[in-house]
Amino acid sequence: MTKIVLVAACALVDADGRILLAQRPEGKSMAGLWEFPGGKVEQGERPEETLIRELREELAIEVNEACLAPLTFASHTYEDFHLLMPLFICRRWNGVPRGQENQELKWVRAVRLRDYPMPPADEPLIPHLMEAV
């Protein structure tokens, strides 16, 4: 039986309509690939709570739950697990995103997202973001 992993991700969109990408640091699986910030949903946690916690830990920003809007989701089978990943879009937060885990950050226009190598589960999210931004 395949293990299902629930991960919440967020497309932070700035005032210029650019989307924040974070590069997976060395030592993590799929290191060097670009992804939307977020993380694994812990036991008893809602995806929105996960994003508030992860965005605080990873980027040192504060997000209000009311500013997280569900956009779409990814459902992707990897070799040893199945990833289910709701993607939220957020246009308002407090603070300036800064990588707290030595990850590189880039603000990218939606039409340029394909220029950045991403994990296979993230790629199908790009057309939805292109429509939304």
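His76 stands opposite Leu83 of strand β6. Strands here are DSSP runs of E with at least two residues, helices are runs of H or I with at least four, and both are numbered from the N terminus. The strand β5 covers residues 69-77 and runs antiparallel to β6, with eight bridges between the two. Two strands count as paired if DSSP finds at least two bridges between them. β5 and β6 make a hairpin, with four residues between them.

The model is a predicted one: local features need pLDDT of at least 70, side-chain atom pairs count only at pLDDT 80 or more, and totals for chains, interfaces and linings use all residues. Residues are numbered from 1 along each chain as its sequence is written, and side-chain values use heavy atoms, with hydrogens and water left out.

The protein has two helices and seven strands. From the N terminus, the order of elements is β-β-β-β-α-β-β-β-α. The radius of gyration is 14 Å, close to the 14 Å that the globule rule gives for 133 residues, so the protein is as compact as a globular protein of that length. This radius is taken over C-alpha atoms, and the rule is 2.2 Å times the number of residues to the power 0.38. The C-alpha trace spans about 45 × 35 × 30 Å along its principal axes. Of the 133 residues, 45% count as buried. Buried means under 20% relative accessible area, exposed means over 50%, and partly exposed lies in between (1.4 Å probe, protein chains only).

In an unreviewed entry, UniProt lists residues 3-131 as "domain: Nudix hydrolase". UniProt positions are given in the numbering used here, feature names are shortened, and annotations may be inferred rather than shown by experiment. The end C-alpha atoms of residues 3-131 lie 32 Å apart.

A three-stranded open sheet has the order β3-β2-β7, with antiparallel pairing. β3 and β7 stand at the edges with a single partner strand each, so one side of each has no neighbour in the sheet. Two bridges join β2 and β3 in the antiparallel sense. Ala22 stands opposite Glu35 in β3.

Glu35 also belongs to the pocket description. The largest pocket has a volume of about 510 Å³. Its lining comprises 27 residues, and the closest to the centre are Val7, Arg24, Glu35, Gly39 and Lys40. A pocket is an open set of points on a 1 Å grid over the protein atoms alone, where a 1.4 Å probe fits, with protein on both sides within 12 Å along at least five of seven lines; lining residues have an atom within 4 Å of a point. Points are joined across faces, edges and corners, and the volume is the space filled by probe spheres set on them. Two or more lining residues come from each of β1 (4-12), β4 (38-40), α1 (47-59) and β6 (82-90). β1 gives the largest share, four residues. By class, the lining has 15 nonpolar, four polar and eight charged residues. Ala, Val, Leu, Ile, Met, Phe, Trp, Tyr, Cys and Pro count as nonpolar, Asp, Glu, Lys and Arg as charged, and the others, Gly among them, as polar.

Most residues other than glycine have a negative phi. Met30, not a glycine, has a positive phi of about 60 degrees. Met30 lies in the loop between β2 (18-23) and β3 (34-35) and is partly exposed, at 30% relative accessibility. Asn102, also not a glycine, has a positive phi of about 60 degrees. Asn102 lies in the loop between β6 and β7 (105-109) and is exposed, with a relative accessible area of 78%.
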